[in-house]
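Please read these notes with the sequence and the model open beside you. They go from the whole chain to single residues.

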Amino acid sequence: LYTDLGFPMKSSVVPAWYNRPGYLEAMAKNIHESLLTVDEEERGKAHIVYTAQGLPVKYVTDLGDPYQEQVERCVSMLTSELSSSFGIANEHSLSYQGAFGPQQLRWLEPSTVEKISGLAGSGVTTLVLVPISFVFEHMATLNEIDREFRAHADACGIKRFVRVPTLGTDASFIDALATCVMEALPDLSRPSMQQINE
């Protein structure tokens, strides 16, 4: 469509927003509120697992997709935000979910199932799962996390499983996205294909 001379008349590419203060603040607030549902004596020992949508490794290694680096940087920034805003310094880790397709295709690791098993095996009894690259409730959160991962954690001996809700229409998050759009508006004078290639 972008190579069709008549479509679109004008468009702009909105930059990545994983590092936007409004997004980070909204996510940190959700994590903090979810941690408050854990008994106080267990709260500091709860392990936070950031679970991101998986991606085939070749997209990163062969095609230069910045997704993995952006997710890792986002987790690092969220860790800082949690510490500075809420004094939260829980142990945390990153995993990936949602691999599908041909069996020989290698996906980003570790998988969230593997991560849960490993943490349970090392004695972790309270997990707080953060859907880091999901911004609204859908099959990956409602089915994969809430049903499959919860059942797996239970089978592994995890006593407390908390899933942080997605941001949905959180005002801080929506404001951050609106700012991204407003910043992209001056680029409307540039050809769409040029922006995509960059």
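1. Helices (H or I, at least four residues) and strands (E, at least two) are DSSP runs, numbered from the N terminus. On that basis the protein chain has eight helices and four strands. Read from the N terminus, the order of elements is α-α-β-α-α-β-α-β-α-β-α-α.

2. A word on the source: this is a predicted model, in which local features need pLDDT of at least 70 and side-chain atom pairs count only at pLDDT 80 or more, while totals for chains, interfaces and linings use all residues. Residues are numbered from 1 along each chain as its sequence is written, and side-chain values use heavy atoms, with hydrogens and water left out.

3. The protein chain has 198 residues, and 38% of them count as buried. Buried means under 20% relative accessible area, exposed over 50%, and partly exposed in between (1.4 Å probe, protein chains only). A contact means heavy atoms within 4.5 Å. Of the contacts between residues at least 6 apart in sequence, 79% join residues at least 24 apart.

4. S93 is in strand β2 (residues 92-97). Is S93 buried or exposed? S93 counts as buried because its relative accessibility is 11%. Leaving aside residues up to four places away in sequence, S93 touches H47, I48, V49, Y50, K115 and L119. With H47 there is also a polar contact of 2.8 Å between the side chains. (A polar contact is a pair of N or O atoms within 3.5 Å; within protein, one must be able to donate a hydrogen and the other to accept it, and residues adjacent in sequence count only if both atoms are side-chain atoms.)

5. E109 and P110 are joined by a cis peptide bond, with omega about 5 degrees. P110 lies in the loop between β2 and α5 (112-121).

6. How many disulfides are there? The count is zero, where a disulfide is a pair of cysteine sulfur atoms within 2.5 Å. Two cysteines can be compared with the cut-offs in point 3: C156 is partly exposed because its relative accessible area is 29%, whereas C180 is buried, with a relative accessible area of 0%.
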